[in-house]
Amino acid sequence: MSEQIQTEGLSLTNIFKLFLSKLKLLILVLVCGAIVGGAFGFIRTNGVNYYGTRLEFYINPETSDDSVNSESTYGVYGAYGKHVMDNMIKLLSSEIFTEKLILNGSPLPEKDKWVNTESETEVALDLNTKIDAAQVEVDSYNDKYEDLLALTKEKNDLVVLYNAAYEELKAVWQSYYFEGDTISSSFNETEYYKNNYDEDPKYASLQEKFNTWSDLNERGNAKANEIKIMQDDLSEMRKVRDDKLNVALSAWRQTAAYKDSLYKFRESVSFSYLEDDAKAEDAADLARSFIYVSINVLGDANKTFAEDLMARIQVQVPDYVEENMVIPSGYSGTRCIEITTTSGIALTNPSYTKDSVIKFALLGGVAVLVLACVILVIVDSSDKRVRSYEQIDRYLKVPLLGIIPSIDEEKINAWHESMKNSKGEKN
Amino acid sequence: MKFFDEIKAKKREKEAKKLHHRKEYLINKSTPFNILEAFRNLKASLSVSIPNKDVNKGAAITFTSSYPEDGKTTVTTNIALMFAVSDTKVVLLDADIRKGRVAKYFHGKSTPGLSDYLSGLATLDEILRPSDINPNLFYIACGTHSPRPYELLESDKMTQLIEELKTRFNYVVIDTPPVLLVSDALAVAPKTDGTVVVCRQNLSYISDVQRSISSLQFAKANILGVVVNDSATMGKLFGGYQRFYSSSGYQYASYEYAYGSTEPDEE
């Protein structure tokens, strides 16, 4: 029979009755748990203020011809599918773009800003040296590139003159009955020219125009060669520049200040895109894709970092999206425009503490209640005392002859008093 | 298992200590209706459960429990009183020679008593005393403390005493020591017509009651059943019935029935 007592399981009815009998205790436990949870939530989140804002960009593919309406007429994501938008968000959330934000458009970090302590002096010197070396290459490259641009402009100007000279030459040439429209560069060696040059003064004009055109042609070719040489040089310089840049940037990435900055920037910015259907009444929105940038900086009461971050994002995001967005077929590029109308940096979590208190109060209350219920069930199931007459029938299998209720202590004392008094009277 | 047994024993000891100083109690005019009804029901259950009742002879019932402080003596004494108020002659025999308390309920002395009779130091008439509470109720105290109570209770003289008392009385109600503490009850129970095990709600362990019943069955006692004492939950149930009875006039009848008085006390 003892095995019967030990192996009997708990039924839901018994558990429910048990909880009902201890309802006040459970309510008290729930309230206490909620209070403790709420207090924890308050302590954890009081004074935790985030400053920032939300920026919105819309992106759309565009053609090279501005006169053509480049508005796409695709569905919710514009011309870009969900997969493309996912990739763009991943790129924006990557370390590469975060580095761009930190550098704020510059190819190199600022000198003397990334290493502060004396123990890192050698590192600082080393980093600065590498930055200097890279800067030299960058400057050289940029200068050379400027020269290339100037040279290209000169060549383009020559091309314009060349084309004009060609048209003039062609006009004169066609006034003669030379065969074909193709101006022969060796026409002045033809017998007809030699035989007629002295007799027809128009040949002088033709010669002059031919010489001009020929000269321009030579000059243009020379410029083209110069440009080619310069491009080859630039290509070499670019390699050297990129090597130096990589060396400097690698050293920069080893500094603690860089890692802190990277962490801070990544923690403060998050990117997302439109995932829901646009409003039906605003059908124009259906043709565009939207990128949303949330800026949340902890404890930036003066808003200096947040504002600086916002300014960087406003510059870097459009450029980066336009450079890296997948271009749909039939289009030549991507246009990314900010459409935010907010007033700037503000407190982004005004109800953070209140929400946290409620959340932790609920969690705390429920957790403590569940724990209390489990403990109650364990304690109750381990209590093998006689607690109800049903147990007699269930476990002992003998008749229950009677149940005698509790007798109050007061009744017992009153009886004793009356017995004493009646004994006294008898005596 | 030993560890849990120790915890169980300590817990019981602690709870029992709280009850140790509780005094004796007999049902009286001031006893609440629910308690009176409970004893009445117990009496009725016992009356019908005793087998092969010889009309010319009374019935002997043993009351025992697992451990002390289960309320066995209080239940035994009051059930004897309940039998007495039904115009049946009852003798209450205190077989707890080691620590009998029945005499205290009637404000009498423990000696001379059962042990003196069994030792041959007193006669039956010397130890058989009427109670002052009811003319139908008599009692025999435990007597002088003896070093060999089990042997006295197991003797033929005890058997003869019980048979003699059955010829003189309708009911012989015997209070014995706790069966798991000492073996005295195992000597008395087989000599009687039935045995009742008393347990206390929220104090007695099911396993202990079970062991008591097993021990008594092994000693060839006839187990009539179990009484649950000091029940807080059942008190509330009977309280509801009290309101019903008092409004319909039955409560006056219960006082009269309990005490043989024809005049109800004014409340």
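This is a predicted model: local features need pLDDT of at least 70, side-chain atom pairs count only at pLDDT 80 or more; totals for chains, interfaces and linings use all residues.
**The interface**

Chain B brings 50 residues into contact with 33 residues of chain A. Between them the two chains bury about 3,700 Å², and 67% of that lies on carbon and sulfur atoms. Three residues of chain B stand out: His107(B), Ile206(B) and Gln210(B) supply 19% of the area that chain B buries against chain A, more than any other three residues.

The side of chain B that touches chain A has 26 nonpolar, 16 polar and eight charged residues. Several elements of chain B give two or more residues to this side. Among them are the helices α1 (2–19), α2 (33–49), α10 (206–218) and α11 (232–247). The strands β6 (194–200) and β7 (223–231) of chain B are also on the list.

**A sheet that spans both chains**

Strands of a sheet pair through backbone hydrogen bonds, either parallel or antiparallel. Here an open sheet of eight strands runs in the order β6(A)-β7(B)-β6(B)-β1(B)-β5(B)-β2(B)-β4(B)-β3(B), with mixed pairing. Which strands stand at the edges? They are β6 of chain A and β3 (129–130) of chain B. Each has a single partner strand, so one side of each is left without a neighbour in the sheet.

The link between the chains is the pairing of β6 (residues 400–405) of chain A with β7(B). These strands are parallel and share four bridges. Within this region, Leu400(A) stands opposite Val226(B) in β7(B).

Another pairing lies within chain B. Strand β2 (residues 90–94) of chain B and strand β5 (residues 171–175) of chain B run parallel, joined by five bridges. Leu92(B) has Val173(B) in β5(B) as its bridge partner.

**Chain A**

Chain A contains 13 helices and six strands. Of its 427 residues, 35% are buried. Among contacts in chain A with a separation of 6 or more, 80% come from residues 24 or more positions apart.

**Salt bridges**

Side chains of opposite charge can pair when their charged atoms come close. Over all chains the structure holds 26 salt bridges. Three of them are tabulated here.

| Pair | N to O distance |
|---|---|
| Lys153(A) and Asp157(A) | 3.4 Å |
| Glu154(A) and Lys223(A) | 2.5 Å |
| Arg98(B) and Asp184(B) | 2.8 Å |

Lys153(A) and Asp157(A) both sit in helix α6 (residues 121–174) of chain A. They are four residues apart, about one turn of the helix. Asp157(A) is partly exposed, at 38% relative accessible area.

What does the pair Glu154(A) and Lys223(A) tie together? Glu154(A) lies in helix α6 of chain A and Lys223(A) in helix α8 (residues 202–253) of chain A, so the pair ties together parts that are 69 residues apart in sequence. Glu154(A) is partly exposed at 36% relative accessibility, whereas Lys223(A) is buried at 17%.

In chain B, Arg98(B) lies in the loop between β2 and α4 (102–105), and Asp184(B) in helix α9 (residues 184–188), so the pair ties together parts that are 86 residues apart in sequence. Is Asp184(B) buried or exposed? Asp184(B) is buried, with a relative accessible area of 0%. Arg98(B) is partly exposed, at 38%.

Chain A also has a network of salt bridges. Asp380(A), Asp383(A), Arg385(A) and Arg387(A) are linked in it.

Definitions and conventions
Residues are numbered from 1 along each chain as its sequence is written. Chains are lettered from A and ligands numbered from 1 in the order in which they are written. Side-chain values use heavy atoms; hydrogens and water are left out. Contact means heavy atoms within 4.5 Å. Buried area is the accessible area (1.4 Å probe) that two parts lose on being put together, summed over both. Ala, Val, Leu, Ile, Met, Phe, Trp, Tyr, Cys and Pro count as nonpolar, Asp, Glu, Lys and Arg as charged, and the others, Gly among them, as polar. Two strands pair if DSSP finds at least two bridges between them. Buried means under 20% relative accessible area, exposed over 50%, partly exposed in between (1.4 Å probe, protein chains only). A salt bridge is a side-chain nitrogen of Lys or Arg within 4 Å of a carboxyl oxygen of Asp or Glu.
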